[in-house]
Amino acid sequence: MTIGLNHYLIVAAGLFCMGLFTMMTKRNAIGILLGVELVLNAAAINFVAFDRYLGPGRVDGAINALFIIVLAAAEAAIAVGICINLYKNLATVDVDQATSLQG
Amino acid sequence: MGLIGSAASGDVTMPVDERTGVMNAAASGGWLEAVLFYTVAGMTLVSGLGVCVSRNIVRMAVWLFVALGSVSMMYFLLAANFLGAIQLIVYAGGTLVLLIFGVMLTSKSPWARFDVGKIELLAAAVVSGVLLGCLGAVITATRWHGVEGMVPGSSVADIGRRLLTEYLVPFEVAGVVLMVVMVGAAHLARQEK
Amino acid sequence: MAAVGNWAAKALFGGHPVALLFLVVGPLVTAAAALGAALAVKTWRGWGRFLYRHGGKVLLSAVVGTCIAVWLTALLFGWVTTDLVARADDPSRTSWFGAPLTVTELTGSLPMLPGWVAVLLWPLQFAIVRDLIGLGALLGFFNLIPMYTIWWERKVAGRIQSRLGPMRVGGWHGWSQSIADGIKLILKEDLIPAQADGPLFRAAPYFAVIPAALAFLALPFGATYVFRDLDVGLVFVLGVLGIEVVGVIMAGWASNNKWSVYGAMREACQMVSYEIPMGMALLVPVSAVGTLNLVKIGEAQAGGWFDWLAFQNPFIFVAFVCYYIASLASCKRAPFDLPEAESELVAGFHTEYSGLRWSFFFFAEYAAMFVVSGLAVILFLGGWQSPLPSAWGDSWGDGILAQGLKGILFSGPIWFVLKCVFFLYVQLWLRWTLPRIRIDQVLYGCVQVMLPMTMILLLGNALWVWASTSERGSWKVIEQITNWILGLIGATFALGFVVIAAYGFYHRRRLVGNLVQDAMAGA
């Protein structure tokens with residue numbers, strides 16, 4: 001069976017929803033971060049799949065995916081810094097306990 | 001040649017990129033391409049499921065590593081070789097190691113678990129399921145006019161040229177962002193004296 | 001015969017040539033080989049004595065035989081793709097499973113050979129069959145390199161420490177010591193600590209070994225001896241080598257042992273930090289040649305000693321040294337071997353591993369050593385080109401024998417392997433000579449020394465390459481003089497090494513010492 005654009009898009013959609021589920025159900029702050037990484041990867045797969053199927057020979061999708069990778073790395077660095085600070089202040093990374101700003 | 005090479009295609013002639021003279025092509029509908037795609041897609045979805053369902057944070061990170069590796073393989077299948085290699089270097093070998101460091105610096109014991117209530121799990125599952133359903137419906141209902149079969153893949157020279165001409169501003173801004181992030185992360189994670 | 005082959009292939013599985021290879025030919029050949037070996041061992045009592053006396057010659061002939069077999073297989077594959085398949089009468093018509101030629105046609109186009117040859121050649125038309133055979137060869141190489149590097153390391157360590165190293169197992173200088181060790185490790189009890197994370201503990205060695213094996217996919221041994229000529233070969237190899245960190249961290253964490261965790265953390269820190277100077281130092285020759293394709297980089301250095309990239313440019317020369325040092329850190333080799341610091345951390349991240357699982361980590365390490373040496377050779381030292389100027393062989397023509405001779409003398413996989421082996425030797429030599437560096441010194445070296453140095457090299461090289469694009473005569477003279485000076489410096493080092501090694505070899509008995517000399521003949 002020929003693999004078409006739909007196949008890749010559905011895989012990316014599945015990955016996106018799994019990342020969303022992870023973000024919604026994990027109490028560990030780093031766990032939420034892992035969900036974010038899944039979501040970003042799903043978006044990047046979409047870019048590259050469109051690149052290959054709708055514009056053969058074009059690299060715009062690949063460049064966008066490149067920027068996604070770079071920015072995801074940057075965001076993960078800062079987020080891990082935040083989690084470490086959370087751990088230093090609360091002795092836990094359980095986000096359910098980070099309620100001091102809750103009004 | 002692309003990583004899949006002529007093994008995945010039915011015929012022997014391959015498109016040559018005129019500018020760079022390099023053969024790089026996405027596979028055309030051979031049986032090998034289908035086998036590889038389903039294997040890689042299966043790995044991606046199973047490892048994504050592993051990330052969702054694991055309750056131990058270290059195991060979640062390992063499943064994420066498998067997911068990132070599978071996504072890299074998917075890039076190779078889509079003939080974006082450079083991107084696949086960069087995904088391995090930056091994401092799997094860099095970002096993931098950073099996340100694992102974060103996990104290890106913030107976990108109290110290897111078996112610590114944070115559990116969520118059943119209602120939250122159900123609600124999240126419903127929301128994700130509905131979103132997946134909607135996305136799937138939209139994707140299959142749209143007529144994409146996609147080009148299947150043998151197509152030339154992306155070449156590194158092209159990416160490099162575009163990064164320095166069309167995408168120069170985002171490229172420079174990304175550089176500045178990375179520098180800011182480096183300083184910021186070093187400051188955030190500093191030792192308090 | 002050909003008709004029988006056709007019928008058998010079609011009737012047996014109604015499916016694919018891969019199935020033919022896997023389900024029929026593969027098991028039959030393996031079973032026959034195993035049976036033959038078992039019979040030989042059982043019936044011929046004298047094999048132990050034979051190997052003991054002639055072990056060295058067996059080894060040498062095995063190596064030479066493998067080289068010839070690889071060369072002939074490459075010729076065969078080349079012939080099948082160019083001659084046979086291209087001679088198919090009607091390329092658009094394909095016979096079953098998509099093969100351009102049926103067995104009957106093959107037999108017809110090779111009238112001088114018997115029918116069974118055509119049956120054997122028929123599956124080779126499929127790229128996937130050729131790929132599988134190539135993968136088998138790569139996996140074999142990947143398995144042999146660590147075994148013999150470990151044997152050689154023990155010999156080198158011994159000689160540096162005034163002793164002999166393995167001498168008994170198999171006879172000549174203990175050449176089968178690694179095989180014996182492998183058998184011992186396989187037979188050991190599979191110990192997993194009770195509190196360890198079971199699945200992660202079991203999976204970690206595979207996460208370490210698979211990246212090291214993957215790197216061989218893009219590593220060119222010769223201009224046509226490459227499994228996949230990737231346009232982004234260099235980035236692929238670097239990316240795949242960087243994944244090894246994850247396996248090591250998993251191993252350290254899953255062992256539930258604080259020494260393992262310390263070792264794993266130090267190793268992750270070190271490996272990830274040194275990837276930066278490694279990558280930047282590798283970018284220096286890449287920007288001089290203009291491509292990430294490893295085969296093209298190797299071909300750009302054709303012509304002899306003075307055409308190698310390391311001698312084109314003082315920046316590339318220094319980048320070579322920077323890359324080599326960074327690659328030592330990336331492979332966790334001394335002087336950067338804190339992760340396995342035996343005298344400090346028991347055994348670092350693989351403390352709790354024993355038996356076959358432990359050996360997987362060592363396979364990964366030694367294979368990675370070969371791969372980084374391979375990258376150094378391809379990017380800086382001419383890859384598979386020999387130091388002899390290839391212009392000498394231009395008039396020899398194109399026959400098979402002339403090509404073979406040119407492969408041995410001027411440009412061929414044998415030179416690649418020899419150069420890699422030399423750099424492996426330097427890594428072994430450094431391990432047993434230099435003391436270990438502390439982790440803070442390691443990171444200081446990375447961030448405050450190598451990183452600025454590689455940045456300056458990159459900038460300097462960019463300016464040099466830009467200046468070279470101008471056609472000014474005076475610049476060409478400067479380039480040529482620099483080329484000669486750097487080439488002469490390199491040649492001095494190489495020849496100096498050869499002279500000192502020859503001296504050491506000639507006086508080896510005196511250097512090893514009296515006790516050893518008296519105890520073992522043939523030392």
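How many residues of chain C are in contact with residues of chain B? In this predicted model, 35 residues of chain C touch 35 residues of chain B. The area buried between chain C and chain B comes to about 3,000 Å², and carbon and sulfur atoms give 79% of that area.

The polar side of this interface can be listed briefly. Between chain C and chain B there is 1 salt bridge, in which the side chains of C:D197 and B:R59 meet at 2.4 Å, N to O. The count of residue pairs in polar contact between chain C and chain B, with both residues at pLDDT 80 or more, is 1. On the side of chain C that touches chain B, at least two residues come from each of α6 (127–160), α8 (198–214), α9 (233–242), α10 (244–254) and α11 (258–289). Of the elements of chain C, α9(C) gives the most to this side, with 6 residues. By class, the side of chain C that touches chain B holds 24 nonpolar, 5 polar and 6 charged residues.

Chain B also meets chain A. Here 71 residues of chain A are in contact with 83 residues of chain B, and the two chains bury about 7,000 Å² between them, with 77% of it on carbon and sulfur atoms. Three residues, A:L34, A:R52 and A:I69, supply 10% of the area that chain A buries against chain B, more than any other three residues.

Across the interface of chain A and chain B there is 1 salt bridge. Its partners are B:R162 and A:D60, whose closest N and O atoms are 3.3 Å apart. The interface of chain A and chain B also has 9 residue pairs in polar contact, both residues being at pLDDT 80 or more. Helices α1 (5–25), α2 and α3 (60–90) of chain A each supply at least two residues of the side that touches chain B. The largest share of that side, 23 residues, comes from α3(A). Sorted by class, the side of chain A that touches chain B has 50 nonpolar, 14 polar and 7 charged residues.

Rolling a probe the size of a water molecule over the atoms shows where empty space is left. A search of the whole structure finds 7 cavities of 30 Å³ or more, and the largest cavity holds about 80 Å³ of space. The largest cavity is lined by 13 residues, of which A:D51, A:R52, A:R58, B:L78 and B:S154 are the closest to its centre. Helix α2 (residues 29–54) of chain A gives the largest share of this lining, 3 residues. The lining of the largest cavity divides into 6 nonpolar, 4 polar and 3 charged residues.

Technical notes: Residues numbered from 1 in each chain as written. Chains lettered and ligands numbered in written order. Predicted model: local features only at pLDDT ≥ 70, side-chain atom pairs only at ≥ 80, totals over all residues. Heavy atoms only, no water. Contact = heavy atoms within 4.5 Å. Buried area = accessible area lost by both parts, 1.4 Å probe. Salt bridge = Lys/Arg side-chain N within 4 Å of Asp/Glu carboxyl O. Polar contact = N/O pair within 3.5 Å; in protein donor to acceptor, adjacent residues only side chain to side chain. Helix = DSSP H or I, 4+ residues; strand = E, 2+ residues; numbered from the N terminus. Nonpolar A, V, L, I, M, F, W, Y, C, P; charged D, E, K, R; others polar. 1 Å grid on protein atoms, 1.4 Å probe; cavity = no way out; pocket = protein on both sides within 12 Å on 5 of 7 lines; lining within 4 Å. Points joined across faces, edges and corners; volume = space filled by probe spheres on them.
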